[in-house]
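Q: Please go through the terms used for this structure and say what each one rests on.

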Amino acid sequence: MANAVHSATVIGAGLAGTEAAWQLAERGVAVRLLEMRPAVMTPAHHTGDFAELVCSNSLKSDDPSTAAGLLKRELEAMESIVMRLARECAVPAGGALAVDRERFSHAATELVSEHPNIEVVRAEADSVPDGSVIVATGPLTSSALEPALARLLGSERLSFYDAAAPIVDALTLDRDTVFAASRYDKGAGADYLNAPMSRAEYDAFYEALIGARRITEKDFERKELFAACQPVEEVARTGRDALRYGALKPVGLTDPRTGERPWAVVQLRAENAAATAYNLVGFQTNLAFGEQDRVFRLIPGLEDAEFVRHGVMHRNTFVDAPRLLDETLALRSDRRIRLAGQLTGTEGYLEAVASGLVAALNTFADLVGGSPVVLPPTTAFGALLAYATNPETTSYQPMHVNFGVVPPLEHRIRGKRERYAAYADRATRDLDAWFAARPDLRCQGGHGT
Ligand SMILES: Cc1cc2nc3c(=O)[nH]c(=O)nc-3n(C[C@H](O)[C@H](O)[C@H](O)COP(=O)(O)OP(=O)(O)OC[C@H]3O[C@@H](n4cnc5c(N)ncnc54)[C@H](O)[C@@H]3O)c2cc1C
């Protein structure tokens, strides 16, 4: 540490903060890493260890032709330390990568704590210090830091809940059934896709919805109920027609196949300018993910829908990234500060790791006068960051990597497997070429290896 020329603070030694601290330290930066556990715990963590997995021990699919599998290859190419530890601590899990959670977070704690360039400070941050800072305090950021974040970011740009409707891959919708139209033909062109329901279809959907299994909220989530934003299944429970007079109202819409107004209509709104993904309007939900697949595929036109993300309603601190962050994860209003992890709305264990890595590489680039580190938008994580930091992204909700936000292929490929494999091939090619042009990104440190 004595010889370090540059310094930075990382707040939070979760998945993002662990990666960020180590990447900076390996590049010779003196890092002050603040972690409040074990003295102050979050409602989901159980230990004082770094990079603790708060829930499942699965890091999802390891198949490179899935978005999650591709992200793993991207992290490996970028020499992620957390990804390396995950491989070392892997346990058998079929096609997924799962880890021995204790070994994994012990190893992360040891490696980071012993790094000569990292000073670990076990303290709860209640402000953002001067100098280069990466804030990686996660979805359960402690309340001590909230006022400082609200002042820095604007309280209207900070959310404490994630109440998101499911999003589906546009290419998996049945276009012979769903039709493009705006209610009463208002708006610039057809802003929505509409899934029309007959009375029998609505009744079947309704019964399935009210009977479906819900995720049990954690105690800390049950205490703070939404008033304005009710899950779709709760609205349905208030009466058979409640949805037909609410989110599923058919007024102002005519099914072009019948020339008539349907009994009910599910509206889908484009998630991005390329309209590669659509969200189900008004469908924020607490249903278990498997139940969402089963019940929402009863909607005509969605029988084969692929869910780019499932609907959720849970405690989750995250910011309005499209308006606050640039593509290097720096605050547009103060470039010395970066956010990383779930706070940025890039959701998922390895997405948190990837954003910690990108934030660290960019902080380092700023410190040494290097050029910004922006991944190709065709990669799994590059596409997610491009989406998350694009000011045109509206109603931003946290999202994990998925092929619904990558740029369309030059030629349309119908089969899902073949299409995903083509996305993965393109991403790998683009990442290799990008890396070859950025030898400055190679890490010379070697302390952890
Ligand atoms: C209940 C729950 C379950 C989840 N389950 C999964 C799952 O199964 N799979 C999945 O992929 N994703 C899951 N996620 C989403 C997400 O991937 C994880 O939350 C992930 O840990 C996020 O990484 P992070 O680095 O942003 O935050 P964290 O890993 O939570 O790290 C944040 C760190 O900051 C510390 N901290 C907070 N406030 C302060 C402060 N003021 N001062 C100092 N330190 C502070 C915390 O103690 C923590 O160590 C879940 C999220 C939640 C809330």
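A: Axes are lines fitted to C-alpha atoms, for helices over the stretch in contact, and angles run from 0 to 180 degrees between N-to-C directions. This is a predicted model, in which local features need pLDDT of at least 70 and side-chain atom pairs count only at pLDDT 80 or more, while totals for chains, interfaces and linings use all residues. Residues are numbered from 1 along each chain as its sequence is written, and side-chain values use heavy atoms, with hydrogens and water left out.

Q: What makes α2 and α13 roughly parallel?
A: Helix α13 (residues 416-436) packs with α2 at an angle of about 10 degrees, their axes being 11 Å apart. Angles under 35 degrees count as roughly parallel, over 145 as roughly antiparallel, 65 to 115 as roughly perpendicular and the rest as oblique. α2 is therefore roughly parallel to α13. Helices here are DSSP runs of H or I with at least four residues, strands are runs of E with at least two, and both are numbered from the N terminus.

Q: Which residues of α2 and α13 meet?
A: Leu70, Glu74 and Ala77 of α2 meet Ala424, Ala427, Thr428, Leu431 and Phe435 of α13, where contact means heavy atoms within 4.5 Å. By class, six are nonpolar, one is polar and one is charged. The nonpolar class holds Ala, Val, Leu, Ile, Met, Phe, Trp, Tyr, Cys and Pro, the charged class Asp, Glu, Lys and Arg, and the polar class the others, Gly among them.

Q: Why are α2 and α11 called roughly parallel?
A: Helix α2 (residues 67-77) and helix α11 (residues 349-368) pack at about 30 degrees, with axes 10 Å apart. That angle therefore makes α2 and α11 roughly parallel to each other. On the α2 side the contact is made by Leu71, Lys72 and Leu75, and on the α11 side by Leu350, Glu351, Val353, Ala354 and Leu357.

Q: What is the handedness of the crossing of α2 and α11, and what is that of α1 and α11?
A: A crossing is left-handed if the near helix is turned anticlockwise from the far one by less than a right angle, and right-handed if clockwise. The crossing of α2 and α11 is left-handed, whereas that of α1 and α11 is right-handed. Helix α1 (residues 15-26) packs with α11 at about 30 degrees, with axes 7 Å apart.

Q: What is the peptide bond from arginine 37 to proline 38, cis or trans?
A: The bond is cis, with omega near 5 degrees. Most peptide bonds are trans.
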